[in-house]
Amino acid sequence: MIFPPQCKKGGTVLLTALSSPLTGGQSIADIAAGVEGLGFRVQVGETCQASTARGYAAAPPELRARELHNAFASPGIDAIWCVRGGSTAWQLLPLLDSGLIAANPKPFIGFSDVTTLHMALQQRCGLVSYHGPTANRVPDWGTDRFSWPGLLSALEMTGALPIENPPGEPIHVIRPGRAQGELVGGNLSLVVQSLGTPDQLDAAGRILYLEDVGEAVYSLERMLDQLRRAGVLGAAAGLVFGAFTSCRNAYREGFGPEELLRELFRDWPAPVVYNLRSAHCSPMVTLPLGAACTLDGDMITAFR
């Protein structure tokens, strides 16, 4: 796997909307000012100020793909930061120029719907990318003392990077053991969506990370069973589950995501852990997807 060049302070970051538009009164000007306050120069992509008739796509897929390609190809752009997730990143898959991207590796940052693009960058381009906070979180970092240093540590890693939760948030061991492999995955529903397509996630011999938000517990079970029956879970060297934020059981409140995972994976033949705080939670851990990784009990370490 190819690690992109480090993006140093003073470098230029492109803010891009590759999935859904900003909502809830969020201002791209405020986001850009926040990123500049971190020490970077900023370019705001056309996608951040475009619209579509559907409403749930930030811009037509052709515009989003062109902006992504131009960002990778441009010597004036040092990193690409998605302003948010949402939906419709899958529309870019048939448009991606994998050769162009692989020839111009750069840090690519985002999570949630961006999982679709992370999988493509790793499997088509051999590129390490960063499952980290989207840029729309930057204005809230006045009270978050964890997410930015964690993202920076991942972007600047030179050797071993301990992947650690925020203080007070333990990683729970469901099945102990030690495993090694490239770190892959992201949002559970997007990984499931890849099944049966040319971009189906290959978890064989890898450490598979999965998280989601706002799904009923029975939906989590259904999706995990689909991954099991498709051979994805069984092929993984180890399983790391996220926080599953706001995933509830309306039928039995006391049987939530952790109880489900403990029941499903108590006899699993590979290591399994739960509650890695990366994605739909704050503060947020950044994961260098595609990097070599070891899972040893509750210790997770990535390597460059």
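The structure is a predicted model, in which local features need pLDDT of at least 70, side-chain atom pairs count only at pLDDT 80 or more, and totals for chains, interfaces and linings use all residues. Residues are numbered from 1 along each chain as its sequence is written, and side-chain values use heavy atoms, with hydrogens and water left out. Helices (H or I, at least four residues) and strands (E, at least two) are DSSP runs, numbered from the N terminus.

**Helices α7 and α9**

- The axes of helix α7 (residues 217-229) and helix α9 (residues 257-265) come within 10 Å and cross at roughly 30°; axes are lines fitted to C-alpha atoms, for helices over the stretch in contact, and angles run from 0 to 180 degrees between N-to-C directions.
- The two helices are therefore roughly parallel (angles under 35 degrees count as roughly parallel, over 145 as roughly antiparallel, 65 to 115 as roughly perpendicular and the rest as oblique).
- V217, L220, E221 and L224 of α7 meet P257, L260, L261, L264 and F265 of α9, where contact means heavy atoms within 4.5 Å.
- By class, this contact has 8 nonpolar, no polar and 1 charged residues (Ala, Val, Leu, Ile, Met, Phe, Trp, Tyr, Cys and Pro count as nonpolar, Asp, Glu, Lys and Arg as charged, and the others, Gly among them, as polar).

**Nonpolar cores**

- A nonpolar core is a set of buried Ala, Val, Leu, Ile, Met, Phe, Trp, Tyr and Cys residues joined through side-chain atoms within 4.5 Å; buried means under 20% relative accessible area, exposed over 50%, partly exposed in between (1.4 Å probe, protein chains only).
- The largest nonpolar core has 47 residues, of which L15, W81, L276 and I300 touch the most other members.
- Helix α5 (residues 147-155) gives the largest share of this core, 5 residues.
- Another core, of 30 residues, lies apart from it and includes I174, L188, L260 and W268.
- Leaving aside neighbours within four places in sequence, the contacts of L276 include I163, Y209, F241, L287 and I300.

- T294 sits in strand β13 (residues 292-296) and is buried, with a relative accessible area of 10%.
- Not counting residues up to four places away in sequence, T294 touches R178, A179, Q180, M299, I300, T301 and F303.
- P170 is in the loop between β6 (160-163) and β7 (172-175) and is partly exposed, with a relative accessible area of 45%.
- P170 and N275 are 105 residues apart in sequence, yet 7.2 Å apart in space, C-alpha to C-alpha.
- P170 touches N165, Y274 and N275, residues up to four places away in sequence not being counted.
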